[in-house]
Amino acid sequence: MFLASRRTKGEVVFDLVNNLGMLLICFVTLYPIWYVLINSFNDGKDAMLGGIYWWPRVFSLENFEAVFANPGIMTAMGLTVGKTVLGVVAHVFFTAMVAYAFSRRELIAGRFYIILGTITMIFSGGLIPTYLLIRDLHLLDNFLVYIIPVLFSFFDLIIFMTFFREIPDGLEEAARIDGANDWTIFLKVVLPVSMPVIATIALFHGVYQWNDYFAGIIYVNKESLQPIQTFLYRVVAQSSSNIMTTALQGSAVTKTVTSQSVKLATMVVTTIPIVFAYPFLQRYFVKGMMIGSIKG
């Protein structure tokens, strides 16, 4: 037993190399985020000189003051929060509802519908036909352009459908004996036991909604309807000017920041909500699907 518990020199070296490799991967992954963070807290003019790698050289909050002093940024942030919350709820409910119907074995021509849906995952109409469709639906410069076109995803339907098909039939049979109809079963039986897959799809679509800037560029001209990512895109596109002067609200002092520093601060502000939301949903990824829901 003593000899069996001893590790060979090769195993020790392998574990050491493996750990060093994991540390290197973590460093390569996290350092760009850290670089953006420290430069967002550094004075804009000083950051233009370069050489900031580990800590802010001249600590300053002016970049974030400029971000929050701009009413356009706060409007875009509020719109992004609204479209993300509403978009996630609508997308998850609608996709889950259709997936529940697809998961029924007695669905007529179900295989044919799945083939049609799979084709849509491979081929699309393209940008111009999509734009014409959005225009004919009167969704240009409309808040619903962020919700309706992405209300349904066949890829997410496949995930939902696979999950629903593994729910024991005994649950639904017991509900039907108690007089429940399809809607009652879907809302009070299927959805409550499907929290792991709901949380997964909600996170995926929430990240998409939060990061989406393309719809705001193509379909929206009103500045009041542009999300924060579109605003950030315009900041990046207009960053040719090296210095920008921002008069902070409620202050008679005019502070000077660079467009690059404001861009980095905006990136930090737009990333924080997703960073805080992820841990609350992550616990559902490894949670059992049907623990304690049915016996025998």
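What is the mean pLDDT of the protein chain, and what share of its residues reach 70 or more? The mean is 77, and 83% of the residues reach 70 or more; pLDDT is the predictor's confidence in each residue, from 0 to 100.

This is a predicted model, in which local features need pLDDT of at least 70 and side-chain atom pairs count only at pLDDT 80 or more, while totals for chains, interfaces and linings use all residues. Residues are numbered from 1 along each chain as its sequence is written, and side-chain values use heavy atoms, with hydrogens and water left out.

Confidence is highest in helix H7 (residues 127-136), at a mean of 89, and lowest in strand E1 (residues 243-247), at 45. Helices (H or I, at least four residues) and strands (E, at least two) are DSSP runs, numbered from the N terminus.

The unreviewed UniProt entry annotates six stretches as "transmembrane region", including residues 84-102 and 185-204; such annotations may be inferred rather than shown by experiment.

The largest nonpolar core has 26 residues, and Val92, Phe160, Phe164, Ile185 and Val190 have the most contacts inside it. Such a core is a set of buried Ala, Val, Leu, Ile, Met, Phe, Trp, Tyr and Cys residues joined through side-chain atoms within 4.5 Å, where buried means under 20% relative accessible area (1.4 Å probe, protein chains only). Helices supplying at least two residues each include H5 (71-103) and H11 (195-211). Leaving aside residues up to four places away in sequence, Val92 touches Phe160, Ile198, Ile201 and Ala202; contact means heavy atoms within 4.5 Å.

Note on methods: Buried means under 20% relative accessible area, exposed over 50%, partly exposed in between (1.4 Å probe, protein chains only).
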